[in-house]
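This report describes one protein model in plain terms. Please keep the sequence and the structure in view while reading.

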Amino acid sequence: MVQAIIKDEAFLRIPSAPAAAEDLSVVQDLLDTLSANAGCCVGLAANMIGVAKRIIAVTAEGGYLVMLNPEIVKQSEPYETEEACLSLAGTRKARRCKNIRVQYQDTALQTRLQNFKGFTAQIIQHEIDHCNGILI
């Protein structure tokens with residue numbers, strides 16, 4: 001179900017709790033909401049739809065990638081950029097890395113380790129920041 005986007009910065013600044021099997025129902029709402037906002041959005045964290053759990057969904061390679069409990073374990077080539085966010089007005093400066101390695105669980109709760117680069121890496125970093133209560 002498409003959910004409203006949370007704009008309450010106090011709520012968004014609270015670090016999200018780890019996701020578990022009982023939180024998998026949130027995934028479909030996250031994907032539905034991301035799809036409904038596809039014209040202006042490339043990623044969402046669960047706290048952006050009111051669920052303070054470490055779950056993100058991002059557009060990647062023509063589809064969507066869902067990550068539970070994502071953690072960046074390696075990063076390289078930092079750069080400065082500007083980003084927008086559905087939860088915030090306007091654009092803001094952000095520091096990102098061109099290359100990242102992320103450990104996460106997929107929707108089958110299997111642990112994965114995957115490398116990302118470029119814009120996909122930037123999106124993932126933005127959404128992981130949301131999980132950590134960090135706003136751009």
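## Strand β3 and the sheet

Asn69 lies in strand β3; helices (H or I, at least four residues) and strands (E, at least two) are DSSP runs, numbered from the N terminus. The model is predicted: local features need pLDDT of at least 70, side-chain atom pairs count only at pLDDT 80 or more, and totals for chains, interfaces and linings use all residues. Residues are numbered from 1 along each chain as its sequence is written, and side-chain values use heavy atoms, with hydrogens and water left out.

Glu77 is also found in strand β3. Most residues other than glycine have a negative phi. Buried means under 20% relative accessible area, exposed over 50%, partly exposed in between (1.4 Å probe, protein chains only).

| Residue | Phi | Relative accessible area |
|---|---|---|
| Asn69 | about 55° | 16%, buried |
| Glu77 | near 60° | 45%, partly exposed |

Five strands form an open, antiparallel sheet in the order β1-β2-β3-β4-β5; two strands pair if DSSP finds at least two bridges between them. At the edges are β1 (43–45) and β5 (111–117), each pairing on one side only. Three antiparallel bridges join β1 to strand β2 (residues 55–60), and Leu44 stands opposite Ala57 in β2.

Gln122 belongs to helix α3 (residues 118–131) and is buried, with a relative accessible area of 11%. Beyond its neighbours within four places in sequence, Gln122 is in contact (heavy atoms within 4.5 Å) with Tyr79, Thr81, Glu82, Glu83 and Arg96.
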